[in-house]
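Trainee: I would like to learn how to read a model of this kind feature by feature. Could you give me the general idea each time, and then the case at hand?

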Amino acid sequence: MSNKKKGNTSIRKARYVLYKETLVDAKEHLWTFIGSFFGIGLIALTQAQSLDKLENIFLIGSFGASSVLIYGAIQSPLAQPRNLVGGHLISAFIGVCVYKLIPDPIWISAPLAVSLSIVAMQMTKTLHPPGGATALIAVIGTPKIKDLGFMYVLSPVLSGVLILLLVAIVANNLTKNRKYPTNSRLTKYIKPKRIRLRDVTKNKENL
């Protein structure tokens, strides 16, 4: 297949995903709301219960962007668990490394952290757009964030991402019209395939 045909196929797939995810469906919007509300809410609750007197470090801005993907555009390749978890962790690690090696000037460290994280996500097939923000926060975040060092990768990043993922797996599989992740090898353990009457009849005939 020529590069032109491959490009056209990719564009058609992207248009289909965009069309499917933006259909006006009140039930779908409800599940999107429920998933994102509980995902972000649980992280915020953790923050409120354990760090009520300290500066916010659990609820970083890039989690909001991730919520758009994993609750509102669940069919997108960029919203899948590999991308969600891998993208954030890789970007967080790179962001911390850049801050430790080149904290100043900001006009070098900030774009370097974002650019390196994008390339790293591309190379590892974990591209997740909010990952760029996670890397940036490690460089330009509050003193509390910067003081965490590499602990930033584990908490708030990994802990928050796992909360978002678990909520997404539950909320996005409570209805027959939604399936997350899209990888059937994983969802078969989460959402068993429905048995159709004609399949049962066909199997009996083959015995």
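Mentor: We will go from the overall fold to the cores, the aromatic pairs, the surface and the backbone. The model is predicted, so local features need pLDDT of at least 70 and side-chain atom pairs count only at pLDDT 80 or more, while totals for chains, interfaces and linings use all residues. Residues are numbered from 1 along each chain as its sequence is written, and side-chain values use heavy atoms, with hydrogens and water left out.

Trainee: How many helices and strands are there in the protein?

Mentor: Helices (H or I, at least four residues) and strands (E, at least two) are DSSP runs, numbered from the N terminus. Here the protein has 10 helices and 0 strands, and its pattern along the sequence reads α-α-α-α-α-α-α-α-α-α.

Trainee: What share of the residues counts as buried, and what share of the contacts joins residues at least 24 apart?

Mentor: A residue is buried under 20% relative accessible area, exposed over 50% and partly exposed in between, with a 1.4 Å probe and protein chains only; contact means heavy atoms within 4.5 Å. Of the 207 residues, 34% count as buried, and among contacts between residues at least 6 apart in sequence, 66% join residues at least 24 apart.

Trainee: Which residues touch the most other members of the largest nonpolar core?

Mentor: A nonpolar core is a set of buried Ala, Val, Leu, Ile, Met, Phe, Trp, Tyr and Cys residues joined through side-chain atoms within 4.5 Å. The largest one has 27 residues, of which Ile60, Ile70, Tyr152 and Tyr180 touch the most other members. Helix H3 (62–72), helix H4 (81–101), H6 and H8 each supply at least two residues of this core, and H8 gives the most, with 8 residues. If neighbours within four places in sequence are left aside, isoleucine 60 is in contact with Thr134, Ile137, Ile145, Tyr152, Pro156 and Val157. Apart from this core lies another, of 6 residues, including Ile94, Ala113, Ala120 and Ala135.

Trainee: Is glycine 35 buried or exposed, and which residues does it contact beyond its neighbours in sequence?

Mentor: Glycine 35, in helix H2 (residues 26–50), counts as buried at 1% relative accessibility. Beyond neighbours within four places in sequence, glycine 35 is in contact with Tyr71, Val167 and Ala171, and its C-alpha atom is separated by 8.6 Å from that of leucine 164, 129 residues apart along the chain. Serine 109 in helix H5 is likewise buried, with a relative accessible area of 0%, and touches Val98, Ile102, Pro103 and Val139, not counting residues up to four places away in sequence.

Trainee: How many aromatic pairs does a search of the whole structure find?

Mentor: Rings of Phe, Tyr and Trp (its six-membered ring) pair if their centres lie within 6.5 Å, and planes under 30 degrees apart count as stacked, over 60 as edge-to-face and the rest as tilted. The search finds 3 such pairs. Phenylalanine 37 and phenylalanine 38 have ring centres 5.6 Å apart and planes at 80 degrees, so this pair is edge-to-face. Phenylalanine 93 and phenylalanine 150 form a tilted pair, 5.5 Å centre to centre with 35 degrees between the planes. Since phenylalanine 93 lies in helix H4 and phenylalanine 150 in the loop between helix H7 (143–147) and H8, the pair ties together parts that are 57 residues apart in sequence. Phe33, Phe37 and Phe38 form one aromatic cluster.

Trainee: Which peptide bonds are cis, and where does lysine 125 lie?

Mentor: Most residues other than glycine have a negative phi, and most peptide bonds are trans. The bond from serine 155 to proline 156 is cis, with omega near 25 degrees, and proline 156 lies in helix H8 (residues 151–171). Another cis bond joins tyrosine 180 and proline 181, with omega about -5 degrees; proline 181 is in the loop between H8 and helix H9 (184–190). Lysine 125 has a positive phi, near 55 degrees, and lies in the loop between helix H5 (106–123) and helix H6 (130–140), where lysine 125 is exposed with a relative accessible area of 63%.
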